[in-house]
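My notes are below the structure.

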Amino acid sequence: MINDVEISTGGTDTTMTLMDVLERCFELAMRTGVADDEQPGVIGYFPVYFPEEIVHAAGLRPHALLGGGNKLEVRLADARIGSFVCSICRSTTEQGLNGTLRGMQGFFTQPICDAAKHMAGIWGRNFPAQPSQILALPQNVNSAASVRYVYDEYQRLRSVLAAQVGHDIPDGAIRASLRVYNENRRLQRELYRVRCDDPARLSTVETYLFVRAGTRIRREEHNVLLREALRLLAERPVRPRDKPRVVFLGGFCEQPPLEMIETIEDACFIIDDDLLIGQRWITEDIAADDGVDPVWALAESYVERSASSPVQYDARKPKEEMLMHMLRDARAEAAILTAAKFCEPGLDDQLALSHRLDAEKVPYLVLEFEEKMTSFEQMAMQVETFAESLLFH
Amino acid sequence: MSVITEGLDARTTGQRLVNQWLASLGTARARGQPVAYVFVMGNAIEILRAFGFEMVFPEINSLQTGVRKAAPDFIAKAEDFGFSPDVCSYVKADVGLMLSNMQHPSGIRMPVPDLAIASSLCNVYIKWAEIWERRFGTPAFVLDIPGKRFAAWKSPVGSPQHLTDARWVEGQFRDLIARCEQITGKKFDSDRLAEVEAHVNEMIRLWIEILAFNQHRPAPYNSMLDGLTYMGVLNAWRGTPEGVEYMRLLHAEIAGKVARGEGRVPHERFRLVFSGTPCYVNMRRLIELFESHGGVFAASDYLTYAAGGLDSAGLFYDTSRPLESLAEVTTLASQMGLSNHFFSHHALAQQMKDFAADGIVYHGIKSCRTVATSMADNREYVTTRHGMPTLYIESDLIDPRYWSDAQIKNRVDAFFEVLEQRRNLQSIREC
Amino acid sequence: MDYVAGIDVGSTQAKGVILDEQGTLVSKAIIDMETNMGTAAEEIFQRVLESANLQASAIAFTVATGYGRYRVAFGDLQVTEISCHARGALAEFPGTRTVLDIGGQDTKAIRIGDSGEVKDFAMNDKCAAGTGRFLGAASFALEMPLSELGPLALKSTKPVKITTTCTVFAESEIIGHLAKGHRPEDVLMGMHHSIATRCASLVRRVGLAPEITFTGGVSRNHAMVALLQEVLGTPLNVSAQAQFMGAIGAGLYALDHARAGRQQREEVVR
């Protein structure tokens, strides 16, 4: 049963407009800090995917660490992190050093790449009061033994959290969390479906804000917000626009600035993307029935029913095929292939994908970005030129 | 057939072994031998040997392009092909090799693989294997070996956590065995695996002693010069009688030096620990900069990683349960040695003590985030917490564009001035 | 009376000093670098000798420092400019425990122990951002001499944030901001801010311990001094001899050796 939670607008007025919801989501999405007194306790996790349900079942709030954006001044982290490293590692360290994240009660990172693994070492040396560790999700999900391993690692996480909160986390609590998150993922999928069917009705920036807001509040509250958003979207008056339909890749970890997404949307409809893909990592409902081991169900979903990214190897999901499917499902005519600066997995995939698109004669634009970019004129020019070339294609 | 000739020293023997190995790679296809591409940190060489695979080490191929001054050309080919300048230079050198019809500067035409094993101990290995998937059509076998989760992580042998992780690794080994049976048409021979492991056990024993020999004063070899040669042979001949022979020879020679008080550096003044990888394009020069001041690298974390963690599990294979034991030891080697990059501050401080070292030299690598990401933070911690003098220098594995002789020399000279000043102060205090 | 010499052969300039037995500065000279470091060193040596009215035979010991220190044929010893800057700064400001040297080509942060020994150092010599060269880009873009940059920057009321970390792009970013209508002093202050932030990072890497002495050519820029004090949160010592700090330090090392040499000779005589 999902608890109805009032949208915290500061009152009992539930007649919000779509603009109200968007503003609320914007405010939430752009929050970076974790205050000392936040209740319940907060567990921060580095990209891409994290089994939030287990944290949620422990009565804690999982907080996705999404970097410092383009308003953060990095002063302290440069002395700690090598120069040829992506900005999100630097800005997250900065947020630790400047106290922004002092309210966190734990820090997890995953073996998505070598720089991310280092975050555990940095956190442990600098913030010993915040227990930090690697959740060792496997890079091999193609073995018969994969589910069992993920299950064991999730059980380990469960006992770590249980020790932290001072009580067991019963199966029933995890099942209840699974239901909340299943609903949440369904609502996210619905948003993406609206985008795909009617891109003039819902922009990518808006979708992004709706999704990102969920990383700052309890999922129950987010579900209410999303349901409200969908209801209001259905009523939204729409002005038809004619822009090329494209897909966007590269936002799976370090996040591009909103202005960058806006710049692209000025010229194109981004129908599908991998922005914050970790939030939608599990692609179907996870079995939450009594009598089903919920941790096993969570582990099995990770292995069998999940999305794809450059930082999770899966022999069943060659990146080129995944992109071609994405283009087809989105009825998109082109791809925007981006990578964060110094993101080795992203850069490698960018090249492989562009070769395939060359072979398929699908137009594409290659861009590099940093979360801390503030000037977009050059990018706007490239995107405009690209969109124009699509119109003449 | 042993190539070990009686009466030859370790160095010559080692050279011959490496040459023989390279030559056999060149003829592998013609002889109908299956070929495996493996990485140094995390592989299943023991299983592959049991199936008779020829072993190609792309990391060794790439470092050799640096040593033989062919790297700029290969890297340029890769960058022209579209690889970002920021990608690992080993990967780019290998792409250059692929674009050069597999013609390696050693004179060998490298065979394409039937099997590629990429461990999770360096995520770039996996992206590298994906390139082979596309180039050669060789499916990657990703071997996930769970590492240390945090700095104080302990995984005592036989503990529930150790066994959980080892069981996962064993499951993957079984998948690998099935793949090898498919490729070679041979059935897995557990006895053969046990045989190979027995050889590795002897190599482990000898390697641990060789590493410990450098605790003597003066240090008989330079961890970051001589050590590199030892490792080349050790990796290529791991699990073979020849590999054991070589190490016995080497062990005896070094033991002899220790007995005679013979040091690598004629007048050893400072003993140092090295953290990071070599700069293969200029390693001799880099070491010279230190040795000219009487400085020797008594220890390094490189000899742990690049020897595949031979010294780190603290265990030998139990040849009565070869597959299970392989999984257990591999898991421990990963957790106690090969994932130390991320948490190495304690291990380095321990090495400082064990080897009575005067300082640590950190060598950051522009294109390697595995090595370099948190080096500065690690260094800050070690310097502050342990009050140890440290030096930070930066270049690259094999890309000569990142080597600046004057700048590096400047830093090295200044570091020795620091060490001298420190020593003078200490002797003043002791007066 | 014995004299000693300190020669600092850098990549843009060569500097020389002569000190007397007490370590007092007797003469100093500075020239722009020529292509041949050896002849530049010879020239600077001649100039300080002339200026002090001394013959070369009067110099008991010479220490050479800077990138060209091994090209100084008449040098008795080579010491890095890290040790020399530390020594020079400490001599002028005995409370110095951290030195920040921003030169035209590189920047160094040096930690000094209580006995004057160098404990740690960090350098930025690969990337021009964070060195005087970044200001060089500004000087070019604004068509103003370097010496006028500081005073103009100090007039800024709303510094513009400079995001580029690459000197190569700095020029076009500056022109872009000016085109948008930002005032030159605000853009300039933004540049200074950029440098200050990077240098502060370098200082933090070696550990910030008071007192901090700021040396090198850029220390003559008042805007830079003010900004660094703000960013580091502590006052800075600035020397009138900032450009000669390396040479002075070299001279002091030369003095150590000259004294030790004389003591040895005296012991032999006895």
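**Conventions.** I am working with a predicted model, where local features need pLDDT of at least 70, side-chain atom pairs count only at pLDDT 80 or more, and totals for chains, interfaces and linings use all residues. Residues are numbered from 1 along each chain as its sequence is written, and chains are lettered from A and ligands numbered from 1 in the order in which they are written.

**Chain A against chain B.** I took two residues as in contact if their C-beta atoms, placed from the backbone, lie within 7 Å. On that basis chain A gives 39 residues and chain B gives 42 residues. I then looked up the elements; helices (H or I, at least four residues) and strands (E, at least two) are DSSP runs, numbered from the N terminus. On the chain A side, helix 4 (114-126), strand 4 (132-134), helix 5 (146-165) and helix 12 (344-360) each supply at least two residues. Helix 4 of chain A has the largest share, 9 residues. I sorted the chain A side by class: 23 nonpolar, 9 polar and 7 charged. Here Ala, Val, Leu, Ile, Met, Phe, Trp, Tyr, Cys and Pro count as nonpolar, Asp, Glu, Lys and Arg as charged, and the others, Gly among them, as polar.

**Chain C against chain B.** I found 15 residues of chain C in contact with 15 residues of chain B. Helix 2 and strand 8 (118-124) of chain C each supply at least two residues of the chain C side. Strand 8 of chain C brings the largest share, 5 residues. The classes on the chain C side are 6 nonpolar, 3 polar and 6 charged.

**Domains of chain C.** The domain assignment gives domain 1 (1-93 + 241-270) and domain 2 (96-238) of chain C; such bounds come from an automatic or database domain assignment. Their centres, taken over C-alpha atoms, are 28 Å apart. Domain 1 of chain C puts 12 residues into the contact and domain 2 of chain C puts in 20 residues. On the domain 1 side, helix 2 (residues 81-92) of chain C has the largest share, 6 residues. I count no charged residues on that domain 1 side, with 7 nonpolar and 5 polar.

**Helix pair in chain A.** Helix 9 (residues 258-267) and helix 13 (residues 377-391) of chain A pack at about 25 degrees, with their axes 9 Å apart. Axes are lines fitted to C-alpha atoms, for helices over the stretch in contact, and angles run from 0 to 180 degrees between N-to-C directions. The two helices of chain A are therefore roughly parallel (angles under 35 degrees count as roughly parallel, over 145 as roughly antiparallel, 65 to 115 as roughly perpendicular and the rest as oblique). I listed the residues that meet: A:Met260, A:Thr263, A:Ile264 and A:Ala267 in helix 9, and A:Met379, A:Ala380, A:Val383, A:Glu384 and A:Ala387 in helix 13. They divide into 7 nonpolar, 1 polar and 1 charged.

**Loop residue.** Where is B:Glu268? I placed B:Glu268 in the loop between helix 10 (241-260) and strand 5 (270-276) of chain B. B:Glu268 counts as partly exposed because it has 16 C-beta neighbours inside 10 Å (20 or more would be buried, 12 or fewer exposed, and partly exposed is in between).
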